Amino acid sequence: MVMGTERLDEATAELLANVAAEDAKRPDEPSLPFGEWVKKNLFSSIPNAFLTVFFSLLTLFAYRQILNFVFSEERRWEGVRVNLRGLFTFSYPASQYHRIWITLGIVLVLSGMSMGLMKSIGRGFSIKRISMWFYSVGLSLVVGILLREPSVLKDADGLARWSFPDGSPIARSETGLLLIRDDEGVSLLAEGESPLLLRESFGSAMSDRGWWWIIAVFALGIGSALWFGFGDMKRRTTFIPAIPLTFGFLGLFISSVWWYQWGHYGRDDAGILISEPDRLVASTTRIPWTILWFVLVLAYVAGRALVRTERAGLTRVLIGFSALLTPFVTYFVILRDPDLDWAHVWSTDIPMALAFMVGGGLIMWILTNPAIGERGRLIATALMGIAVFNWVAAFFGWYAMLQKARISFLLLALAALAAHNFAGDARQRLRSVWGWMGAMVIVHYLATMINTAETVAAPDQFAGGFVVTIYIAVFTMIFSFPLGVILALGRTSRMPLFRVMSTIYIEVVRGIPFITILFFFAVFVEFFLPEGMDLAALASAGIAFTLFSAAYLAENIRGGLQAVRQGQYEASDALGLTTVQRTGFIILPQALRVSIPPLVGAVIATFKETSLLSIVGLTDFLRVANSNIPGQTEFLGVKREGLLFICLIYWIGSYSMSKYSQRLEKQLGVGER
Amino acid sequence: MNNKSKLSQLLALVFAFALLATACGSSSDGEGDTATTGDDTAQADDSSDAADDADDAEDDVELTQGDDLLEQIQARGELNCGVSTVSIGFAVADSNGIYQGFDSDFCRATAAAILGDQDALNIVPLTAAERFTAVQTGEVDVLHRNTTWTQSRDSDVGMDFGPTTYFDGQQLMARVGDGFSSNSTVADIDGAVVCTNAGTTTEKNIAEAADLLGIEITLNTFEDFDIVTQNFIDGGCDIITTDGSGLVGRKAEQQPADQEWAIFPGAPISKEPLGPTYGQNQSRFADAVNWTVFAMLIADEYGVNQSNVDDFVGADGELGRLLGGDGEVQSAMGLAPDAFYQVIKQVGNYSDLWARHLAPLGLQLEGSVNDLWTNGGLMYPPPAR
């Protein structure tokens with residue numbers, strides 16, 4: 001089967017190469033002169049011209065309002081700048097930050113490597129396109145500079161100056177009331193009169209925005225240089241690969257921390273707001289960020305170096321596997337920093353893991369013997385009986401047993417039930433024994449780490465900020481996908497029990513509003529747990545997200561399953577494939593390929609829906625911006641700034657995922673077959 | 001024949017293995033937690049579930065309930081203290097995510113008294129709905145969470161209340177431009193649009209007060225007080241109402257340059273005594289919590305604060321005893337002799353806390369009900385002897 005995938009990949013690569021070649025052959029679209037293009041596309045008829053004018057004005061108005069909002073004197077962006085750490089990691093102790101950097105480093109190494117290992121990395125962006133980017137940035141800056149209203153004039157105390165509607169200035173009294181002081185004494189604003197802010201003149205506003213002008217001209221200059229500097233039309237279709245360009249842009253952004261002071265605000269040890277160069281959030285994070293950038297680039301280069309070697313396939317599998325394990329290892333081992341009780345580890349954990357490895361390995365060795373026949377199933381069923389009995393006993397408290405033993409036993413029973421599928425010669429049998437042992441090592445390692453008291457408060461306690469958003473999103477993606485596949489298969493299954501159960505589950509979950517499910521898990525779930533067992537709020541929210549998302553994923557995947565032609569089923573039956581083989585190797589790959597757009601859509605939806613956590617009392621990204629920053633004494637009511645900021649972060653996350661899915665679709669040729 | 005013996009061998013192996021695993025389990029269970037009664041293995045033993053893990057600390061408390069809570073906390077080395085998720089001036093996470101405020105400082109003071117270290121503390125932010133359950137399940141030892149002392153909570157809900165640390169009360173805020181002043185009364189708001197946040201007692205209080213006076217008001221409620229305030233600024237509401245402490249903070253920070261706001265009536269329309277809350281029948285722990293508050297008030301009476309407390313160590317009389325001198329009573333309470341010295345030294349006295357967290361919001365201690373009895377307030381700590 002490995003051979004098969006390789007061949008499929010090669011076919012894809014070939015297809016892509018063909019597409020690229022065809023693209024090159026295709027004659028360039030005749031480019032119209034600017035005037036004609038405008039006439040043809042924007043003002044072709046009177047209604048069209050009206051729509052063009054109307055929507056241009058609407059866009060300009062919205063743009064102006066946004067700029068006025070962002071740059072208004074009333075905005076207190078330092079509320080966001082000071083709280084950057086709180087927004088992203090909330091109360092994770094600053095002395096333990098290296099753990100977050102290590103986590104990020106692992107993620108970047110894995111993504112860099114897998115990017116490097118991609119067979120085809122696409123054509124990238126044409127110089128023409130890049131030059132258009134620079135033009136649009138430059139033009140939007142110019143329009144923005146001209147559109148934004150002039151700044152407010154301030155008095156010596158830095159307070160805004162006001163005027164009566166007729167233009168005569170207002171002075172400020174100590175109580176904040178607006179008064180005019182003239183020869184006759186003091187007079188108040190008349191009833192229904194509202195004061196105006198005094199603003200500087202248009203000319204001085206333009207000269208105050210000198211730096212913006214320079215940046216705009218610079219962007220336009222680069223755009224023109226790219227457009228005209230490479231004179232001939234051919235060069236305009238010269239491509240720059242996307243990944244190096246992205247890395248370069250990231251590098252530029254990160255290096256900017258070294259020569260520009262991004263965050264102007266920080267707090268000293270006494271908690272007082274300061275703006276000293278050596279105390280900035282940006283400056284304390286610039287070394288890790290720079291290192292991480294190099295890590296990403298190096299990982300990519302390493303991936304590129306490996307891609308043409310024989311090891312590429314194996315490396316890809318290893319990276320995929322590590323990517324699955326990474327969330328658990330980083331969360332439970334790196335971020336929590338478990339404080340191992342070594343006496344317990346030596347006396348219980350290691351012996352138990354060894355016992356299961358050796359004992360289970362023996363059982364697997366015996367059960368994968370092709371000669372064992374029906375007796376194998378008998379033994380496996382007996383094992384399953386014991387495993388289930390252990391759980392029943394736990395529920396009624398008949399005898400004590402380590403949870404880890406109970407789980408390992410269940411896993412063993414499951415492996416034993418499936419063992420006959422792996423029957424074969426000695427080499428193959430040995431492989432399944434090694435597989436079992438490897439699984440046990442991972443399970444016991446993680447179980448031990450998870451079970452140990454932590455030395456750094458894990459997200460369950462610091463429960464806050466972007467970390468929680470990411471944690472829930474990743475948790476949901478990892479668990480809801482397999483569950484969704486199982487549900488989709490169940491719903492399309494020919495076995496009535498599975499079909500009915502899956503259908504009921506999917507329809508019930510899809511028939512309940514998600515927020516209700518979240519509240520249900522936050523409030524009711526303890527009634528379904530054994531006496532005395534308690535779920536952390538974060539865990540129960542994660543389970544709610546998983547169960548909810550799985551029902552929707554199942555429907556998406558079912559759509560994909562139904563798109564697979566009947567002939568595929570018949571052909572695989574004709575080849576004598578078992579149901580498992582048919583589903584795993586023929587049907588699912590095709591079904592999942594078709595379902596990529598809705599699946600990525602579901603992932604993006606989950607990422608955004610994490611903001612609902614704030615409603616069930618968890619301090620997520622939204623809650624920090626929506627209630628925490630406005631609650632701080634210095635930033636009372638500073639809410640709009642934080643909300644706009646998190647909008648930006650959510651958008652960056654969602655948009656890059658959506659871009660990635662578009663890429664994936666192109667690579668896999670979805671919709672082109 | 002051969003096959004059959006193989007089968008029995010296998011079965012024997014399986015059972016031996018099962019026994020081994022079970023034995024492993026039970027042996028470690030015994031050594032793991034001596035406090036378990038063994039009846040609840042799902043909870044007491046190891047579990048590889050992420051969720052269970054987070055509750056390990058809580059499990060310990062639950063299992064040993066019935067023992068003395070004070071001793072448990074001292075054995076644990078950490079005080080679990082519940083605060084509001086966000087309550088301006090009382091408990092708000094700062095930019096590093098560390099809770100700061102009047103209430104969280106009382107948590108620190110209690111930790112300093114019981115454990116000698118203000119940082120031997122685990123602050124648990126709780127929503128209003130979660131707070132009492134959190135005490136009952138032992139997730140937190142004490143609440144310093146804007147909790148009003150009421151008859152039903154004291155009896156029916158199963159809580160006990162310590163000395164009030166902040167006397168709050170519901171007040172109203174209106175624009176001076178609409179003809180209101182700090183001398184206005186509730187009767188003056190006839191016909192006004194009154195806004196507050198939904199689902200709280202403030203809503204009920206103002207409706208009852210209006211009924212009582214026979215005036216007509218339009219009551220608008222919003223989910224969030226930020227939205228209430230925004231509506232007030234924009235003119236959608238004539239009057240907003242909530243606890244006085246909240247109104248003062250809003251006025252200090254959000255009053256626009258072209259408006260002036262007034263808070264009235266002078267005597268609030270409801271009584272909201274806020275103080276420490278803990279589970280019933282834990283008198284030794286309750287004593288420690290209560291006397292931490294009293295000690296901070298007594299220190300205030302003597303003018304002893306965080307910066308000058310070292311000058312008063314070894315003083316005569318009540319103050320000397322409180323700071324750990326001859327004849328101190330702290331040892332009998334199960335605390336270190338210098339417990340309250342640590343409170344004042346590490347956290348401060350009552351007015352230190354006020355100056356740190358509430359004064360910046362524009363709340364005046366002088367002349368308010370929260371001032372000491374010697375200054376005409378309601379703070380009247382019992383004598384320390």
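## Helix packing, domains and loop residues in a predicted model

In chain B, helix α6 (residues 102-115) packs against helix α16 (residues 339-346) at an angle of about 145 degrees, and their axes are 7 Å apart. Axes are lines fitted to C-alpha atoms, for helices over the stretch in contact, and angles run from 0 to 180 degrees between N-to-C directions. The crossing of α6(B) past α16(B) is right-handed. On α6(B) the contact is made by B:A109, B:A112 and B:A113, and on α16(B) by B:A339, B:F340, B:Q342, B:V343 and B:Q346. These residues divide into 6 nonpolar, 2 polar and no charged. Two residues are in contact if their C-beta atoms, placed from the backbone, lie within 7 Å.

This is a predicted model, in which local features need pLDDT of at least 70 and side-chain atom pairs count only at pLDDT 80 or more, while totals for chains, interfaces and linings use all residues. Residues are numbered from 1 along each chain as its sequence is written, and chains are lettered from A and ligands numbered from 1 in the order in which they are written.

Chain B has 17 helices and 14 strands; helices (H or I, at least four residues) and strands (E, at least two) are DSSP runs, numbered from the N terminus. The domain assignment of chain B gives domain 1 (69-167 + 273-375) and domain 2 (170-270). Their centres, taken over C-alpha atoms, are separated by 31 Å. The contact takes 5 residues from domain 1 of chain B and 6 residues from domain 2 of chain B.

Two residues of chain B other than glycine have a positive phi.

| Residue | Phi | Loop in chain B |
|---|---|---|
| B:N146 | about 35 degrees | between β5 (142-143) and α8 (151-155) |

B:N146 is buried, with 23 other C-beta atoms within 10 Å, whereas B:N281 counts as exposed, with 11 C-beta neighbours inside 10 Å. The peptide bond from B:F264 to B:P265 is cis, with omega near -15 degrees. B:P265 lies in the loop between β12 (261-264) and β13 (272-274) of chain B.

In chain A, helix α26 (residues 621-631) is mostly covered, with 11 of its 11 residues buried. Chain A averages a pLDDT (the predictor's confidence in each residue, from 0 to 100) of 82, and 83% of the residues score at least 70.

Technical notes
Left-handed = near helix turned anticlockwise from the far one by under 90°. Nonpolar A, V, L, I, M, F, W, Y, C, P; charged D, E, K, R; others polar. Buried ≥ 20, exposed ≤ 12 C-beta atoms within 10 Å, placed from the backbone. Domains from an automatic or database assignment.
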